[in-house]
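Subject: The two-chain model, with notes

Hi,

Here is the structure I promised to send over. Have a look at it first, and then read on for my notes.

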Amino acid sequence: MSATTELVSYVTTSSHWTGERGIPWRTFEHLRLSASAVAVGIVIALPPAVWLGHVRRGGLLAQSLVNIGRAVPSLAVVAILFPLSLRYGFGLGFWPTFVALVLLAIPPMFTNAYVAVRTVEPAVVEAARGMGMKRAQVIGRVQVPSGLPLILGGVRVATLQVIATATLGAFVGFNGLGSFINEGFRQQDDGKLLTGAFLVALLALLVDIAFGRVVLRITPWRAAPRATKGSSL
Amino acid sequence: MNKDSLIWWDWVGRHTDAIRAATVEHLRLTVIAVAVGLMLSLLLSVVALRWRWTYTPIAGLAGVLYTIPSLALFAVLVTITGFTTLTAEIGLVSYTLLVFVRNIVEGIDSVPAAVREAADGMGLRPAHRFMTVDLPLALPAIAAALRIATVTTVGLVTVTGLIGQGGYGSFIDSGLDRSFSTEVMVGGGLSVVMAVVLDVALVGLERVASPWRQATA
């Protein structure tokens, strides 16, 4: 049986669409985990990044965070948190994966937001001050909106990394889309393997496209620049 | 010996041979992937620079490959090329393309027009100018891409451990299977060390290769 046939036959079997091992449940779990990790990452990373960019300090921190984020493999973060989570009673599955995802989401979001705010044209900031804007207004009405495409670029990179790493969570017992891949390997079931792979790839590509659309819509005055996919700075 | 500790140094001491073998394996997978990725990207960049309209589709395809989560890509490849080194390398190479092609093309694009005209005025043929003027001047951008690709690849090789081709990744894989944290810590820790060492080495190499300017990025 060819790989494509196996994929089609797996996806068209109705029992694969029900229960906690089914496609809808695992897709939902994958989305739930990814969304919560990105949300928590945003809350942790963006406020200090915007503030430091505003006061023009912490360049070294931003640079170091990128380098660390790149050098530490996501699988290693997930794997190392696994024994820690077991030891401190958070169990396997959701929690070790969640903490790993939050940690991995922070560097790209922080650095892009920092660069975004810091590199807003100084003349624009001066003009805002000259108009009598207070500090909070300069940040909220000038610097953040001007830097929004780049800030969202960071969130986009972080989200894609989170979705990819949530897949690896299958290896520490997280019941998401990666579980199809993990089980597919172990049971030598190509249909299952490909189902997981295609769903994860599709999810990542759709999220990437959606981000592109959102950036265009909320910042119609400029085309979205390519986010620093780990590059730049 | 405290069996509860996250790293059991005794195990490390008894497995120096396995660790050395994994180091060689990890390095080999990384170097092959980055070298092949760089060659392929140079080729693609030449095409993109010669026929401008091809740049968008080339960068677009590289972007799609980059966006697909690594485990998903490896999983698909396994059904075609099996649990082999080839599978690992195809995946690893495909993740280096975006950063290489983008930096090479942008690096060469940013060569000042005056420099290019001077080279043309001296009678250099296009291919000759490309090799002796454009490429050397784009070196800082290419070196920056080389560092990013290398460090990223070192991390991704741990994932190829899940398909049985992983250097340090095999420690992580087996550590997870047996719930043995020492192996996980050793695999993850050494991978970070290798990424940092290679990054520092490449910075040094770039300083040597382009003495006329300070290293950027």
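Below is what I found, going from the chains to single residues.

Please keep in mind that this is a predicted model.

**The two chains**

Chain A has 9 helices and 0 strands, so its pattern along the sequence reads α-α-α-α-α-α-α-α-α. Its C-alpha trace spans about 70 × 40 × 25 Å along the principal axes. Of its 233 residues, 49% count as buried. If you look at contacts in chain A between residues at least 6 apart in sequence, 73% of them join residues at least 24 apart.

Chain B comes to 10 helices and 0 strands, and its pattern is α-α-α-α-α-α-α-α-α-α. The C-alpha trace of chain B spans about 75 × 40 × 20 Å along its principal axes. Buried residues make up 45% of the 217 residues in chain B. For contacts in chain B between residues at least 6 apart in sequence, 70% join residues at least 24 apart.

**How confident is the prediction in chain A?**

The average pLDDT of chain A is 88, and 94% of the residues score at least 70. Residues 228–233 of chain A are another matter, with a pLDDT below 50; this stretch still has 16 contacts in the model beyond near neighbours in sequence. Where pLDDT is low, the predicted coordinates should not be read in detail.

**Where the chains meet**

In the model, 35 residues of chain B are in contact with 35 residues of chain A. On the chain B side, two or more residues come from each of helices H3 (55–67), H4 (70–81), H5 (85–109), H8 (139–160), H9 (168–178) and H10 (181–209). H10(B) gives the most to this side, with 10 residues. By class, the chain B side has 22 nonpolar, 12 polar and 1 charged residues.

Leaving out residues up to four places away in sequence, Pro83(A) touches Leu6(B), Ser181(B) and Val184(B). Is Pro83(A) buried or exposed? Pro83(A) counts as buried because it has 20 C-beta neighbours inside 10 Å, and 20 is the number at which a residue counts as buried. Pro83(A) and Pro96(A) are 13 residues apart in sequence, and their C-alpha atoms are 8.6 Å apart in space.

Glu183(B) lies in helix H10 of chain B. Glu183(B) is buried, because 26 other C-beta atoms lie within 10 Å. Apart from its neighbours within four places in sequence, Glu183(B) is in contact with Phe171(B), Ser174(B) and Gly175(B). Glu183(B) and Trp11(B) are 172 residues apart in sequence, yet 8.6 Å apart in space from C-alpha to C-alpha.

Helix H5 of chain A covers residues 94–118. At 1.5 Å a residue, its 25 residues should span 36 Å, and its end C-alpha atoms are 36 Å apart, so the two figures agree. There is a bend in H5(A) of about 25 degrees at Ile106(A), and a proline, Pro107(A), follows within four residues. H5(A) is mostly covered, with 22 of its 25 residues buried.

The largest nonpolar core has 129 residues, and those that touch the most other members are Leu101(A), Ala105(A), Met109(A), Ala113(A) and Val101(B). H5(A) provides the largest share of this core, 15 residues. Taking Leu101(A) as an example, its contacts beyond four places in sequence are Leu33(A), Ala37(A), Val162(A), Thr165(A) and Ala166(A).

**Two loop residues to look at**

Arg56(A) is in the loop between helix H2 (23–54) and helix H3 (59–71) of chain A. Its phi is near 55 degrees, a positive value in a residue other than glycine. With 11 C-beta neighbours inside 10 Å, Arg56(A) counts as exposed.

Gln188(A) lies in the loop between helix H8 (178–187) and helix H9 (190–218) of chain A. Gln188(A) is not a glycine, although it has a positive phi of about 50 degrees. Because Gln188(A) has 8 other C-beta atoms within 10 Å, it is exposed.

Happy to go through any of this together.

Best wishes

Technical notes:
Residues are numbered from 1 along each chain as its sequence is written. Chains are lettered from A and ligands numbered from 1 in the order in which they are written. This is a predicted model: local features need pLDDT of at least 70, side-chain atom pairs count only at pLDDT 80 or more; totals for chains, interfaces and linings use all residues. A residue is buried if 20 or more other C-beta atoms lie within 10 Å of its own, exposed if 12 or fewer, and partly exposed in between; C-beta atoms are placed from the backbone. Two residues are in contact if their C-beta atoms, placed from the backbone, lie within 7 Å. Ala, Val, Leu, Ile, Met, Phe, Trp, Tyr, Cys and Pro count as nonpolar, Asp, Glu, Lys and Arg as charged, and the others, Gly among them, as polar. The expected span of a helix is 1.5 Å times one less than its number of residues. The bend at a residue is the angle between axes fitted to the seven residues ending there and the seven starting there. A nonpolar core is a set of buried Ala, Val, Leu, Ile, Met, Phe, Trp, Tyr and Cys residues joined through C-beta atoms within 7 Å. pLDDT is the predictor's confidence in each residue, from 0 to 100.
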